[in-house]
Amino acid sequence: MISLSTSNAMANLSIMIGQEVSVENLRLRQVSMDEVAQLMGGPEALTVGVYLTVSGSADGHMMLMYQPAIALAFVDLLLGQELGSTRDLGEMEQSALGEMGNVVGSSFLNAMADSVSLRLMPSPPSVTMDMAGALLDIIAADVLLTQDEAYIAETTFRTSDQRMSGVFFVIPGDSLMQALEQSAGAVL
Amino acid sequence: MNLVTSTVTLGLGELHATSDSEAILSCLGLGSCVALCLYDPATKVGGMGHMVLPASVEGRSVPKFVDVAVPMLLSEVVKLGAQRGRLVAKLVGGAQMMSVVNDTLNIGQRNADAAKEALRQFQVRLAAADLGGHQGRTVRLFLDSGRVSVTLVGGSSYEI
């Protein structure tokens with residue numbers, strides 16, 4: 001189910017940036033929040049995060065994370081500019097990345113909502129560039145309130161020419177996790 | 001001469017106390033989390049806590065919660081020879097990383113408030129604090145002197 005939702009999200013991302021996007025690995029696993037930061041090169045690694053929350057009949061978090069250079073290149077693709085044109089993240093660049101998060105997040109949720117018959121809505125995206133650990137704290141604070149580890153769906157995606165990649169996390173909250181477990185059994 | 005300095009990096013919700021005056025304790029990439037640094041300058045005993053949430057949920061007495069971490073770290077440094085009356089505390093972190101969403105939660109602010117309140121309650125002097133804002137921080141406590149350094153994205157750093 002998460003696999004279906006992810007391919008739906010990546011298909012829409014592909015349309016948006018006008019390049020084929022492949023999902024390199026899709027993993028569902030139970031991890032400590034410390035481990036999540038390691039995926040981005042450690043808690044101090046400079047990272048661009050596009051964060052959305054899930055609300056409606058169930059709750060959760062979604063975050064797209066990129067290395068800064070990749071985020072800038074994605075902005076070029078989104079704005080139809082030559083690669084290398086974007087050099088920093090101003091308001092317009094942040095809004096372009098936010099829109100990308102919106103498309104990926106909404107299409108993921110739509111596919112999932114259809115299969116579990118829930119009403120799931122993404123929040124407006126929030127775009128921030130800072131240390132990976134600091135960006136993940138916002139999710140950690142919520143997850144660690146009730147659990148010691150996070151159950152995450154982690155996707156590495158890449159454009160077909162291999163130039164751009166990112167990580168897309170979905171971290172279901174308690175209520176979304178329950179809904180997933182109750183519906184149809186197999187989550188993947 | 002011992003040239004090997006032991007650096008301990010604390011993950012989310014971890015505590016570490018030491019009497020090794022060469023040690024460096026650190027929390028990397030703090031956002032809304034708060035690092036508590038405790039230090040006794042006379043014995044050079046100190047400790048650090050990487051605290052994630054302000055208040056414990058019933059029955060979960062683990063140091064990711066500020067109200068559990070503060071007394072727990074206090075008792076650990078005292079066990080290693082620190083004297084309560086001499087201890088100084090420094091607090092770092094408690095930022096609000098995403099300003100648009102989850103504003104009502106403002107977990108960083110609540111962590112910072114809870115930490116200050118706990119130090120008052122246990123009568124530990126708060127010597128310095130670098131709290132709030134919208135930036136991630138890396139914090140290091142140097143046990144040889146008790147100095148605390150804060151590093152921001154891009155590498156700029158300062159002492160508190």
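Helices are taken here as DSSP runs of H or I with at least four residues, numbered from the N terminus. In this predicted model, one such element is helix 6 of chain A, spanning residues 174-182, and A:Met177 lies within it. A:Met177 is buried, because its relative accessible area of 13% falls under the 20% limit. Leaving out residues up to four places away in sequence, A:Met177 touches A:Tyr151 and A:Pro172. Its C-alpha atom is separated by 20 Å from that of A:Glu35, a residue 142 positions away along the chain.

The largest nonpolar core comprises 51 residues. Within this core, the residues with the most contacts are A:Met33, A:Met63, A:Met65, A:Ile139, B:Met48 and B:Val139. Helix 5 of chain A (residues 132-146) supplies the largest share of the core, ten residues. For A:Met65, contacts beyond four places in sequence include A:Ala132, A:Leu135 and A:Leu136, and also A:Met40, A:Thr47, A:Val48, A:Gly166, A:Val167 and A:Phe169. A second, separate core has 42 residues, among them A:Met62, A:Leu64, A:Phe157 and A:Met164.

In chain B, five strands form an open sheet of mixed pairing, in the order 1-3-8-9-10. Strand 1 (7-9) and strand 10 (157-159) of chain B are the edge strands, each pairing on one side only. On average, neighbouring strands of the sheet are turned by 20° against each other when direction is ignored. Strand 10 of chain B pairs with strand 9 of chain B (residues 148-151) in the antiparallel sense, over three bridges. B:Glu159 in strand 10 of chain B stands opposite B:Ser149.

Terms used
Residues numbered from 1 in each chain as written. Chains lettered and ligands numbered in written order. Predicted model: local features only at pLDDT ≥ 70, side-chain atom pairs only at ≥ 80, totals over all residues. Heavy atoms only, no water. Pairing = 2+ DSSP bridges. Helix = DSSP H or I, 4+ residues; strand = E, 2+ residues; numbered from the N terminus. Axes fitted to C-alpha atoms, helices over the stretch in contact; angles between N-to-C directions. Core = buried A, V, L, I, M, F, W, Y, C linked by side-chain atoms within 4.5 Å. Buried < 20%, exposed > 50% of the residue type's maximum accessible area, 1.4 Å probe, protein only. Contact = heavy atoms within 4.5 Å.
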